[in-house]
Amino acid sequence: MKCTIQGVERFDSPGKGRGLRVTKPFKVGDLIFSCPAYSFVLSVKERGSYCEYCFNRKEGLARCGKCKKACYCNATCQKADWSMHKLECSSMVAYGPNWCPSETVRLVARILATMKTQKERNASEKLMLIGEMQTHVEDVDNARREMNEADIAGLHRFFSKHLDFPDHSALLALFSQVACNGFTVEDEELSHMGTAVYPDVALINHSCQPSVIVTFKGTTAEVRAVTPMKRMDEVLISYIDILYPTDDRNSRLRDSYYFTCDCQECRTQSKDKAKLKVRKRSDPYEPEVVSSMVRYARKTMAEFRAVKSEKNILLKKPVATQQHGFVELLEMCVQSLDEMGTVFDDANVYMLHMMYQAMGVCLYLGDWDGAIHYGEKILKPYSVLYPAYSLNVSSMYLKLGRLYMGLEKRSKGLSALKKAMVIMEVAHGKDHHYIAELRKEIK
């Protein structure tokens, strides 16, 4: 028997299939509904900083006495998490440094464990069961299929002691469901904390002009309005980063979600000119010059992602080796910015992309002035190109504000943090612990 969620209902969205719509008006910042996770997993990289069970960020977490890896607020959280942690605990001890399942594998293991013990509809399945989530198995390309096969092998290798597995085709379907419907759980600076599945939230369709935003309070997803909504308006989120021009957005949507967006922005491409802004000069650039630089930018971004992925492996190496690797990444950013800057304006989204990467590398290297240099160049275009209550904008204000405060530039720091708070109070809600923490920073 289906349950209901007050204020929303499931419906057949024209041209999109299943969807959600509101059954009453909502103002900007209103909480439309919240949804607990069906299953969730904390990123291995965040162990020691966050509680494995509640995702609370605090110092002095208590470690699991057996594996010495998982950390908890207290015995209550540890006990509550045991049904999931036991899937990994003895395996981590047995494999030692060779224990290396992907985050997706770890999440799928937890989903299977939850399914095994589930006797009634989960609190996250009021409107849609987890088994109803879209799979797109038939649309998966060879590269993705090989990744799924490797993940299935990892699932059998690391989790066979505690789990009985369904047949191979069912596992392929489940991995595809997680790929299409899983959510990255992020903190207030958009840093990756973990991954989770929320069946009811997965009902929400995509638009490059979203009406709502999904944020997280611990492991619970909260859906808030970022535009005024009338009764029967569809609830729409963006599945992707909407900074980029129409062709790039739809390429990403086709690759990851197997559809092309038909929202008003995609039909009119009204913001593409601003997003692809070129340098002003008396003799305008030939279209082929601009097109050639766009191709260079896309190629460079793909190459940077690949190199960055390789460099992340260095995090297990000695510090000196890590430093050298990330210096090379910064040089790659600078070189590409110099090249693109011969044609593109600093507010061009491809320039902004590489500046953002450069800022991240500077933060890793402890080059605070360098991080501020790139952050300041990014912020104004972000404020123009993103929607009013974008987490991309608030997170940039936060990063810059905290950098300023750390460098004793208090006036600039307070100004940036207050601007972040204006956005966060809408996106996260005024009662969120991130807001309480930010108020303390401002005081």
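## Helix packing, nonpolar cores and cysteines

Helix α3 (residues 103-117) and helix α4 (residues 142-159) have axes that come within 9 Å and cross at roughly 65 degrees. The model described here is predicted. The crossing of α3 and α4 is right-handed. On the α3 side the contact involves T104, V105, R106, V108, A109 and L112, which meet D151, G154, L155 and F159 of α4. By class, the residues of the contact of α3 with α4 comprise six nonpolar, two polar and two charged.

From α11, the contributing residues are V349, L352, M355, Y356, A358, M359, C362 and L363. From α12, they include W368, Y374, I378, P381, Y382 and L385, together with G370, A371, G375 and K377. The contact of α11 with α12 has 15 nonpolar, two polar and one charged residues.

| Helix pair | Axis separation | Angle | Handedness |
|---|---|---|---|
| α3 and α4 | within 9 Å | roughly 65 degrees | right-handed |

In soluble globular proteins, nonpolar side chains tend to be buried together. The largest nonpolar core of this model has 131 residues, of which I32, F33, Y198, V201 and F344 touch the most other members. Helix α11 (residues 349-365) supplies the largest share of this core, 10 residues. When its neighbours within four places in sequence are left aside, V201 is in contact with F33, C35, F183, V214, A221 and V223. Another core, of five residues, lies apart from the largest one, and its members include L190, I213, V226 and A427.

Turning to the cysteines, a search of the whole structure finds zero disulfides. For C208, the nearest cysteine sulfur is that of C266, 3.6 Å away, and C208 is in no disulfide. C208 is buried, with a relative accessible area of 7%. C333 is likewise in no disulfide, the nearest cysteine sulfur being that of C362 at 8.2 Å. C333 has 0% relative accessibility and therefore counts as buried. C362 is also one of the α11 residues in the contact with α12.

Terms used. Residues are numbered from 1 along each chain as its sequence is written. This is a predicted model: local features need pLDDT of at least 70, side-chain atom pairs count only at pLDDT 80 or more; totals for chains, interfaces and linings use all residues. Side-chain values use heavy atoms; hydrogens and water are left out. A disulfide is a pair of cysteine sulfur atoms within 2.5 Å. Buried means under 20% relative accessible area, exposed over 50%, partly exposed in between (1.4 Å probe, protein chains only). A nonpolar core is a set of buried Ala, Val, Leu, Ile, Met, Phe, Trp, Tyr and Cys residues joined through side-chain atoms within 4.5 Å. Helices (H or I, at least four residues) and strands (E, at least two) are DSSP runs, numbered from the N terminus. Contact means heavy atoms within 4.5 Å. Axes are lines fitted to C-alpha atoms, for helices over the stretch in contact, and angles run from 0 to 180 degrees between N-to-C directions. A crossing is left-handed if the near helix is turned anticlockwise from the far one by less than a right angle, and right-handed if clockwise. Ala, Val, Leu, Ile, Met, Phe, Trp, Tyr, Cys and Pro count as nonpolar, Asp, Glu, Lys and Arg as charged, and the others, Gly among them, as polar.
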